Amino acid sequence: MRPRRIKLFFFRIAAHLDPALILIVLFLMSVGLVCVYSASYPDNITRFNSQIINMILAFLLMILVAQISPHKLMRLAPIFYLAGFILLIAVDRFGVVVNGSRRWISLFGIIRIQPSEIMKIAMPMILAWYFHKNESTLTLKTFIVSGILLILPIIFILKQPDLGTSLLVGAAGFSVIFFAGLSWKIIMGFCAGGLAILPFVWERMHDYQRRRVLTLFDPSSDPLGAGYHIIQSTIAIGSGGVFGKGWLHGTQTHLKFIPEKHTDFIFAVLAEEWGIIGSIVLLFLFFCLIVRGLMISSTATTLFSRLLAASISMVFFIYAFVNIGMVSGFLPVVGVPLPFISYGGTALLTLMLGVGILMSIQTHRTLTK
Amino acid sequence: MNDFHHKQRELERFRRRLLLALAFIFSLFCALFSKLFYLQVLRHDHYTTLAESNRISLIPIIPNRGNILDRNGVILARNYSAFTLEITPSQIENIDKTIAALSEIIKIEPKDRRRFNRLLQESRNFDSIPIRTQLSDEEVASFSARRYRFPGVDIKARLFREYPEGNAAAHVIGYIGRINQKDEEWIRAEYQESNYKGTEHIGKIGVEQFYEFELHGTTGYAQLEIDANGRAVQILSSTSAVPGNNLKLTLDMGLQKVAESAFIDRRGALVALDPRNGAILAMVSAPTFDPNLFVDGIRSDDWEELNNNIDKPMLNRAIYSAYPPGSTFKPMMAMAALTEKKRTPQQTIYDPGYFIFGNHRFLDDKPGGHGIVDMMTSIVVSCNTYYYQLAADMGIDLIARFMGGLGLGKRTGIDIPGESDGILPSPEWKEKRFKKPEQQKWYAGETISVGIGQGYNAYTPLQMAHAYANILNYGKVFRPHLVDSINNPSTNETRTLEYPITRQIALDPKHVDFIKKAMAGVNKQGTGARAFANAPYESGGKTGTAQVFSLRGQKYVSGRLRERLRDHAWFIAFAPLENPTIVAAILVENSGFGAQYAAPIARRIFDYYLAGKAPEGALVPVEPEEETLEGEAEKHNSGENPHAPSPN
């Protein structure tokens, strides 16, 4: 009797998992482990072990979230958003300053959490929720309110300051508004307005942020300062060639020329040791992940599900694009990790939460019909 | 229905936008791919080069400098390995703190700190820089025990230059010192920059400088893999250094030391060479200095001492200081007279004790004169009047031409730097030397003093030895030299340097033999007789006295002034009489008569060199005798001569 019930239990859980997404994510994580191992070899090899634990935890979170129906998720959305927003205000007041940024808040002095990370998922959820609630009466007012919901938390994240996260949160929110059907006129208008306020944004930027933007255009202008990261990572990528230097044989990696090689710059490790073959495999895996997400979105049954799935897919894309673009000297240096590959638990949990939501949307489709 | 229709339209728009997003994503991925393609495929070679130059550092391996030996294999300069305490700044957070902690274990003097700071500025951050050199065994042990406390600090074995003979022949051997800007220009001019990467020292004077590129060797290279902090990870490849060549000098260190000790505390110079080939057997410049002081960077107080010393120990008097030859000029004048057919040996003159030229009376120093004097007597008794007359008969142009032919008044081309030309007076020389027209004119009276080796005449001891060697060789001229052969320690091949006859002076062998006989007379009955009494070999010689007529350029020191106004003593000697194997020019500054101080030095070195007799006790000056006192000092009874030297 009993084994049958357990079997049934596992069967019900498995029913809410998407095999295609699992396959893609497992591939990505494997690539990630290979790279983290190399980036930590031989001095910090314990990182490899803790990354395995991070992955297992994140994987469990994904399975858990996949069980929650989109309907329930929708009800959670306002709570999630409000909690995140309050925490952002709390960070602004009592946050811990690390490396010149106030990003973390210490809860009971035990765990440090980064509320801006919550916003990466809470933002598309609240906006999808809001558009879903006003599905039949989409007016300009709806878009204005959604704009406010988007802007407020971003202001606090920018104040920390955290350019990378605000970019991701902004992109996630904007994609919801875009998919909800914001008229092209307004989009164009915003683009023009955005260009117009660029000089003011430049004024408000921190020196290090400005330097990063400037060195993007000419990394060699500051070879030992802000340009050093970009120069060394492009050398790593370029010297990798077609087939790469071989696992654990990247000279740029192992002679410590690549900064932050296990986190933000891990793509340079991959490209140096596995060459353009490795780069193509990674780009392909990301593309598959995004396409699968968009497919789930296009077949989702409710507006909330559609918008959320599409937005999460866009977050994955922005993550990957901004990171690889930065490491290869295509975009300015913005502190964004490479999804599923970079070492670190927080980003991984957020990403797998997103994958779990995608699975929930995909697998609850027929069940909630 | 309417609602459904509306929813349908919404869904279509949503899917349109999804497709649009997909296209956007795809195109940006394509952009990323093209960037990666550009980096990894198109520019791969470029970035590979960058990555390689990032990780590979060429470290020069400095070759061992060649040794310098004397003709019998006595080591004059060598390298020894000593422990140094070295700091690699890139591996240390706070250099000052580290040094402070180190100084509790090992004595670090302010001098060490200064040198370290200087080296720190000159070197790259990941070079290892010595803070202390020549650690004792106790210091090595005491640091090794506490080594774990000092990451980035190491004990290394380095090679140091050492001159085991100390201050003996220091001017000849020279010394090495740190490469300065002038040396760098020299290295560049010789296209040796790549070979000197990593080399810190270079020859400064003497053989060390002249044969720098023989002694240095070829620098090797190690390819090191370094990390972003400049730390060496592994050696990729290496080309070993080729050690520098060893030099065997012509110098005889035994002879050199006998010669040096004979100077006691007097200033002066000595050049002894083998007339048969120009090999320098001994070269003294007294006082001397200890080249070992320079090896590790000279201490400022030592430098002050050497530099400000009134006796100028750093000056190589043997090749740089030019002195009037005095009566040592007379045998050469006699040679000139015979060669130019102005006199025969038998021709006599009457010496009343003076020579009248124009309205001047040039005095012989023997009151009443020598009476009837032939050429032989003129040399043996050093008769001034004979040469006053001879000079007047020959004229300055002929004298200058002949003496120039002997090699006087120009550099001999010896293989150490720092030689001076000396002064061979002539109307052309005077015209070049002086600015004012009245000074440029040559006065016939000046020729008369030139005839006895005074006046403007000034030659280095080396030139004098060289000129006499040329005469003794019957006119065959060899370049005076210090290096006999060069040994390559890698192949153990020895290359003996060739010193062929550079030119032939037209001299009649009969005349040469006559001059030799006359000079032998000096050592038998003349001014050299007392110094050479009972010598087990036959020798020739000639004393001379160089007038000191100016203290220009010397600092006024009241107590010593009088001493420094005394005349310089010369002695030229050679032996054996038949086929001489050694000729020596000796100058003792401010010692008065040549016979008194200079001649005994010649006796000592000849005894050692020819009879193997080591000198016993300190040199005792020969007491001057009434009869053998020289008469060469030009005594003027009037101050009207334009060249007239004045002791004031």
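User: Which residues does Leu285(A) touch, not counting residues up to four places away in sequence?
Analyst: Leu285(A) touches Ile24(A), Phe27(A) and Leu28(A). A contact here requires two C-beta atoms, placed from the backbone, within 7 Å. Please note that this is a predicted model, in which local features need pLDDT of at least 70 and side-chain atom pairs count only at pLDDT 80 or more, while totals for chains, interfaces and linings use all residues. Residues are numbered from 1 along each chain as its sequence is written, and chains are lettered from A and ligands numbered from 1 in the order in which they are written.

User: Where does Leu285(A) lie, and is it buried or exposed?
Analyst: Leu285(A) lies in helix α12 (residues 266-299) of chain A. Helices (H or I, at least four residues) and strands (E, at least two) are DSSP runs, numbered from the N terminus. Leu285(A) is buried, because 20 other C-beta atoms lie within 10 Å. The cut-offs are 20 or more such atoms within 10 Å for buried, 12 or fewer for exposed, and partly exposed in between.

User: How far apart are Leu285(A) and Val31(A) in space?
Analyst: Their C-alpha atoms are 10.0 Å apart, although Leu285(A) and Val31(A) are separated by 254 residues in sequence.

User: Let us turn to the cores. How many residues has the largest nonpolar core?
Analyst: The largest nonpolar core has 130 residues, and those with the most contacts inside it are Leu270(B), Val271(B), Ala584(B) and Ile605(B). Such a core is a set of buried Ala, Val, Leu, Ile, Met, Phe, Trp, Tyr and Cys residues joined through C-beta atoms within 7 Å. Helix α23 (residues 594-611) of chain B gives the largest share of this core, 10 residues.

User: What is Val271(B) in contact with, leaving aside neighbours within four places in sequence?
Analyst: The contacts of Val271(B) include Ile280(B), Met283(B), Ala318(B), Pro461(B) and Leu462(B). Ala465(B), Ala584(B) and Ala585(B) are also in contact with Val271(B).

User: How many residues does each chain give to the contact between chain A and chain B?
Analyst: Chain B gives 32 residues and chain A gives 35 residues. On the side of chain B that touches chain A, α1 (2-42) and α2 (44-55) of chain B are the elements that give two or more residues. The largest share of that side, 19 residues, comes from α1(B).

User: What is the make-up of that side by class?
Analyst: The side of chain B that touches chain A has 18 nonpolar, 6 polar and 8 charged residues. Ala, Val, Leu, Ile, Met, Phe, Trp, Tyr, Cys and Pro count as nonpolar, Asp, Glu, Lys and Arg as charged, and the others, Gly among them, as polar.

User: Now the sheet: in what order do the strands of the 3-strand open sheet in chain B stand?
Analyst: The order is β1-β8-β9, with antiparallel pairing. Strands pair if DSSP finds at least two bridges between them. Both β1 (56-61) and β9 (232-239) of chain B stand at the edges with a single partner strand, so one side of each is left without a neighbour in the sheet. Between β1(B) and strand β8 (residues 220-226) of chain B there are 6 bridges, and Ser57(B) stands opposite Leu224(B) in β8(B).

User: Which peptide bonds are cis?
Analyst: The bond from Ala286(B) to Pro287(B) is cis, with omega near 0 degrees. Pro287(B) is in the loop between β12 (279-286) and α11 (292-295) of chain B. The bond from Ala575(B) to Pro576(B) is also cis, with omega near -15 degrees, and Pro576(B) lies in the loop between β22 (568-575) and β23 (582-588) of chain B.

User: Lastly, what is the phi of Lys341(B), and is this residue buried or exposed?
Analyst: Lys341(B) has a positive phi of about 60 degrees although it is not a glycine. Lys341(B) counts as exposed, because it has 8 C-beta neighbours inside 10 Å.
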